[in-house]
Amino acid sequence: MDFGHSEPTIPLALKILVAGGFGVGKTTLVGSVSEVRPLHTEEVLTSAGVGTDDILGVESKRTTTVAMDFGRITINDDLQLYLFGTPGQERFWFVWDELAFGALGAVVLADTRRLANCFPSVDYFERRRIPFVVGVNRFDGARRFTPDAVRQALDLDANVPVVSCDVRDRQSGKHVLVALVEHVAARRGHPVPTA
Ligand SMILES: Nc1nc2c(ncn2[C@@H]2O[C@H](COP(=O)(O)OP(=O)(O)OP(=O)(O)O)[C@@H](O)[C@H]2O)c(=O)[nH]1
Ligand SMILES: [Mg+2]
């Protein structure tokens, strides 16, 4: 039967992880790009975390993710991303393997004032051969480094994209995700239209 219009396409949905060290902006990124009300699992940082939680640089931070963030973004008619933000603190890393199951790619957020904090994330995805991009979140007062300087400091493969961003800004966050989709597609040898 012909209704005179083409069938709506069912978009491909990809699972993407948002990782990186404590307080680097993972929850902020998922919240700013998500078109559905994001699910957050925040708990208040209390004095119990003193000596354990490194809040250097994010002193105004009041809460931390204890399980995950969840959000969704439509890249185009053919492609949606389901975003899973990981908890940043080491004591919650046991949920990472659950979250990473079936993930097609990851964004590792980095703060140039505390670059070493994203080493465990980089290591995690390299070991599991999950493609990732590094998003350098521009914090006020942080020194600016070129993507190549960050790539060198993190000892990344030459083909890993390093993208500067401000995760509070939707377009900027989306730009990082598009870079990831293009990177995943290039690794698999077939282009995914991201326009
Ligand atoms: N100046 C500035 N502040 C930011 C930026 N991104 C996030 N913040 C702030 O930095 C803090 C970190 O935010 P979160 O998004 O909770 O970080 P997270 O990575 O989810 O933290 P955990 O889940 O605890 O590991 C919050 O206080 C944000 O308001 C940024 O790009 N610039
Ligand atoms: Mg968080």
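Hi everyone, let's start with the count: there are 8 salt bridges in this structure. One thing to keep in mind is that we are looking at a predicted model.

As a quick reminder, side chains of opposite charge can pair when their charged atoms come close.

Let me begin with D97. Its salt-bridge partner is R128, and the closest N and O atoms of the two are 3.5 Å apart. What does this pair tie together? D97 sits in helix α2, residues 96–100, while R128 belongs to the loop between α3 (119–127) and β7 (132–137), so the contact connects parts that are 31 residues apart in sequence. On accessibility, D97 is partly exposed at 48%, and R128 is partly exposed too, at 39%.

Now over to D140, which makes a salt bridge with R168; here the closest N and O atoms are 3.9 Å apart. This one also links distant parts of the chain: D140 is in the loop between β7 and α4 (147–153), and R168 is in the loop between β8 (162–165) and α5 (170–188), 28 residues away. Both of these residues, D140 and R168, are exposed.

Last stop: D111, R113 and R114 are joined into one network by salt bridges that share partners.

Key. Residues are numbered from 1 along each chain as its sequence is written. Chains are lettered from A and ligands numbered from 1 in the order in which they are written. This is a predicted model: local features need pLDDT of at least 70, side-chain atom pairs count only at pLDDT 80 or more; totals for chains, interfaces and linings use all residues. Side-chain values use heavy atoms; hydrogens and water are left out. A salt bridge is a side-chain nitrogen of Lys or Arg within 4 Å of a carboxyl oxygen of Asp or Glu. Helices (H or I, at least four residues) and strands (E, at least two) are DSSP runs, numbered from the N terminus. Buried means under 20% relative accessible area, exposed over 50%, partly exposed in between (1.4 Å probe, protein chains only).
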